[in-house]
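This dialogue is for a student who wishes to learn how to read a protein model. Please study the sequence and the structure first.

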Amino acid sequence: MTGAPLPAGCDTVVPIEDVAIDGKQIRLIKQPKPGCNVRFKGEEFQSGEALLESGCHLGAGEIGLLATAGVEQVMVHPTPRVAFLITGDELVELGQAPSAGKIVNSNLYLIRARLQEEGYPVIELGTIGDQPGLLARELEKGFDADLVLTTGGVSIGDHDYIRQTCDQLAMNVHFWKLAIKPGKPVLFATRNGTPFFGLPGNPAASAVTFELLVRPTLKRLSGHSDPMPTKVPAQLLRPVANRGIRELFLWGTVSTDDKGLTFTPSNRQSSGQTRSVHGVNALLPVPPGENWDSGKPVQPLLLKMFG
């Protein structure tokens with residue numbers, strides 16, 4: 001039977017479906033090859049062999065391998081906890097009809113859902129209006145987490161107070177503004193070693209900077225040896241152009257056809273539209289001044305698995 005040790009003096013197993021049984025005799029229907037259907041001692045791994053490298057993700061296959069080797073415990077990195085705060089006087093919650101000058105607080109649900117998809121516990125700090133003192137007090141509560149995240153209030157408007165709040169909380173600001181589109185006003189700081197990201201308020205810009213900066217940081221905090229999004233070779237299915245001076249990141253979809261992987265840019269690319277992020281699984285970086293025709297080989301950044 002499957003899993004049984006070989007009887008002494010035997011070196012080959014013939015499956016029962018390959019024999020004809022006649023009373024107490026059997027007849028081989030197929031000629032077996034010597035050693036077939038035998039699992040040899042030590043053929044999968046041997047004593048002292050490294051089965052997994054430090055920094056790898058423990059998925060089902062890795063956990064099964066450890067169990068097969070009889071490994072009961074391994075050292076792992078704890079899953080980082082993310083404190084998340086939304087800013088803006090203009091925001092209303094779901095269930096409230098936006099009056100003039102108001103918009104629905106979509107970033108809360110967009111970024112929270114993305115964190116949950118990636119498996120990170122979320123500590124919600126709430127939605128705070130454009131009030132510097134209150135913003136600083138509420139944001140400070142988040143630094144018990146492993147990473148602190150805000151959206152909105154990070155640009156240079158009269159009611160953008162994130163940069164000022166960083167100074168109030170004695171954060172070390174490492175950069176503010178990047179030459180990317182969308183997502184230029186993103187801010188990164190640390191406080192006693194805890195990373196803080198101030199993401200833009202525009203939904204697609206918030207999502208881009210989450211994928212390019214926050215997600216890799218969380219993967220690094222989780223112990224991943226290679227935290228950056230995977231680049232995949234694909235064929236561009238629509239022409240694209242970057243006439244600006246910042247690197248452009250286009251939302252789109254990686255899929256397969258009879259020629260291999262393809263990338264289709266989304267019709268909507270506005271930083272202010274959540275529809276830019278709907279149904280996509282990749283971002284395509286386009287350097288300044290580039291004009292690419294359909295059929296060009298490109299390397300989009302794969303954010304989610306595609307089907």
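The turns below take up a helix, nonpolar cores, salt bridges and a hairpin.

Q: What kind of model is this, and how are its residues numbered?
A: The model is predicted: local features need pLDDT of at least 70, side-chain atom pairs count only at pLDDT 80 or more, and totals for chains, interfaces and linings use all residues. Residues are numbered from 1 along each chain as its sequence is written, and side-chain values use heavy atoms, with hydrogens and water left out.

Q: Where is Thr-209 found?
A: Helices (H or I, at least four residues) and strands (E, at least two) are DSSP runs, numbered from the N terminus. Thr-209 belongs to helix α5, which spans residues 203-221.

Q: Is Thr-209 buried or exposed?
A: A residue is called buried under 20% relative accessible area, exposed over 50%, and partly exposed in between (1.4 Å probe, protein chains only). Thr-209 has a relative accessible area of 0%, so the residue is buried.

Q: Which residues does Thr-209 touch?
A: Contact means heavy atoms within 4.5 Å. Not counting residues up to four places away in sequence, Thr-209 touches Ile-180, Gly-183, Val-186, Leu-199, Pro-200 and Val-214.

Q: Where is the kink in α5 centred?
A: The bend at a residue is the angle between axes fitted to the seven residues ending there and the seven starting there. In α5 there is a kink of about 45°, centred on Phe-210. Just after α5, Gly-223 takes a positive phi of about 100°.

Q: Which residues of the largest nonpolar core touch the most other members?
A: A nonpolar core is a set of buried Ala, Val, Leu, Ile, Met, Phe, Trp, Tyr and Cys residues joined through side-chain atoms within 4.5 Å. The largest such core has 30 residues, and those touching the most other members are Leu-115, Leu-149, Phe-197, Leu-212, Val-214 and Trp-251. Its largest share, eight residues, comes from α5. A second, separate core of 19 residues includes Ala-83, Leu-125, Phe-143 and Ile-162.

Q: How many salt bridges are there?
A: Side chains of opposite charge can pair when their charged atoms come close. A salt bridge is a side-chain nitrogen of Lys or Arg within 4 Å of a carboxyl oxygen of Asp or Glu. By this rule the count is 10.

Q: What parts does the pair Arg-81 and Asp-146 tie together?
A: In this salt bridge, the closest N and O atoms of Arg-81 and Asp-146 are 3.5 Å apart. Arg-81 lies in the loop between α1 (60-68) and β3 (82-87), and Asp-146 in the loop between α3 (132-140) and β7 (147-151), so the pair ties together parts that are 65 residues apart in sequence.

Q: Which residues do salt bridges with shared partners join into one network?
A: Glu-118 and Arg-114 meet in a salt bridge at 2.9 Å, N to O. Salt bridges that share partners join Arg-114, Glu-117, Glu-118, Glu-211, Arg-215 and Lys-304 into one network.

Q: Which strands form a hairpin with two residues between them?
A: Two strands pair if DSSP finds at least two bridges between them. Four bridges join strand β1 (residues 19-22) to strand β2 (residues 25-28), and these strands run antiparallel. β1 and β2 form the hairpin, and Gly-23 in its turn has a positive phi of about 65°.
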